[in-house]
Amino acid sequence: MTFVEELEAASKNSTIFNLFLWFVFAYGILKLVPFVLRVASTVLDLFVLPPVNYEKYGCKLGDYAVVTGASDGIGKEFAFQLASRGFNMVLISRTESKLIALKKEIEDKYHNKVEILSIDIAKDSKDNYNKIYTLCKDLPISVLVNNVGQSHSIPVPFLATEEEEMRNIITINNTATLMITQIIAPIITKTVKAHRESGEKKQKGKRGLILTMGSFGGLIPTPLLATYSGSKAFLQNWSSSLAGELSQDNVDVEFILSYLVTSAMSKVRRSSMMIPNPRTFVKATLRNVGRRCGAQERSGTITPYWSHALYHLVIEETLGVYSNLVNEINYKFHKSIRMRAIRKAVREAKQQ
């Protein structure tokens with residue numbers, strides 16, 4: 001090969017190499033820009049934007065907010081914090097004595113109207129749903145918080161899950177949530193429509209709101225909590241689908257993702273950077289409704305608490321929520337919890 005031929009070959013190879021470099025650069029930009037935007041949006045949602053104004057959802061207009069699972073933990077905090085914003089309340093839970101005490105506390109502190117209903121939602125009975133309908137049908141309701149839920153007593157292999165526990169989880173987390181939403185959502189749309197057609201300028205932009213509690217247990221497939229994990233994953237797709245349907249009726253539908261929160265269900269008593277108490281978690285949720293925070297890749301979904309949001313973002317942007325490694329780590333984590341729970345039960349049995 002002559003010198004000229006070698007020069008032409010080198011030039012040709014250089015052109016191909018340059019095209020390859022431009023392709024890599026363009027591909028990197030396509031990947032990098034969305035990532036930077038997601039991170040920037042997360043920071044903006046969590047730390048910069050002001051709290052949501054609940055006037056658009058009918059606070060201080062005599063509207064009601066319905067909260068299920070309202071007598072303890074996260075549900076109780078939703079009741080207090082929505083009442084503090086000027087909503088009248090409908091509180092639904094199992095323990096009547098706790099509901100009576102909560103009703104009195106809210107009425108004394110905020111001077112709101114409070115209706116209570118004590119039912120066992122695990123009993124999937126028409127009578128329960130008829131009681132909810134009868135109580136709510138004539139009230140101006142603009143907010144629903146689907147908070148009621150149940151998990152396993154301890155992490156357990158699916159094949160060893162007792163039938164009663166399995167059925168209760170599906171009934172409470174899924175069937176009851178869907179049935180209650182079918183009862184309350186039409187009342188919300190009716191209330192919103194009445195506000196918007198009232199002729200008052202300040203009510204033209206009124207909207208309704210439906211919040212449903214999710215979990216990282218449904219975000220990430222969770223071995224040893226398989227039924228609970230599946231029930232929450234079901235709620236994710238159901239809630240996102242409902243958001244698309246009700247948007248034309250001016251109703252915002254949000255699915256709330258959380259990692260651990262100190263509560264009776266989580267059995268965690270001590271709060272930390274990663275584990276807020278119910279008051280702190282609900283405050284973050286109500287502050288950020290309508291923003292994705294850590295759930296940047298999911299429509300109609302919010303991971304509202306800052307450390308949960310960053311944790312969600314890191315998992316999604318690195319390993320991915322459905323990766324084998326995340327599944328394996330989750331399995332080992334819950335296996336450890338199961339072993340500790342079993343050892344504790346054995347110690348307590350010996351002490352009796």
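H2 passes H3 in a right-handed crossing, where right-handed means that the near helix is turned clockwise from the far one by less than a right angle. This is a predicted model, in which local features need pLDDT of at least 70, side-chain atom pairs count only at pLDDT 80 or more, and totals for chains, interfaces and linings use all residues. Residues are numbered from 1 along each chain as its sequence is written, and side-chain values use heavy atoms, with hydrogens and water left out.

Visitor: At roughly what angle do the axes of helix H2 and helix H3 cross?

Guide: Helices here are DSSP runs of at least four residues, and strands of at least two, numbered from the N terminus. The axes, lines fitted to C-alpha atoms over the stretch in contact, with angles running from 0 to 180 degrees between N-to-C directions, belong to H2 (residues 73–84) and H3 (residues 96–110), and they come within 10 Å and cross at roughly 20°.

Visitor: Is serine 215 buried or exposed?

Guide: Serine 215 is found in the loop between strand E5 (208–213) and helix H6 (216–219). Because buried means under 20% relative accessible area, exposed over 50% and partly exposed in between, with a 1.4 Å probe and protein chains only, serine 215, at 11% relative accessibility, counts as buried.
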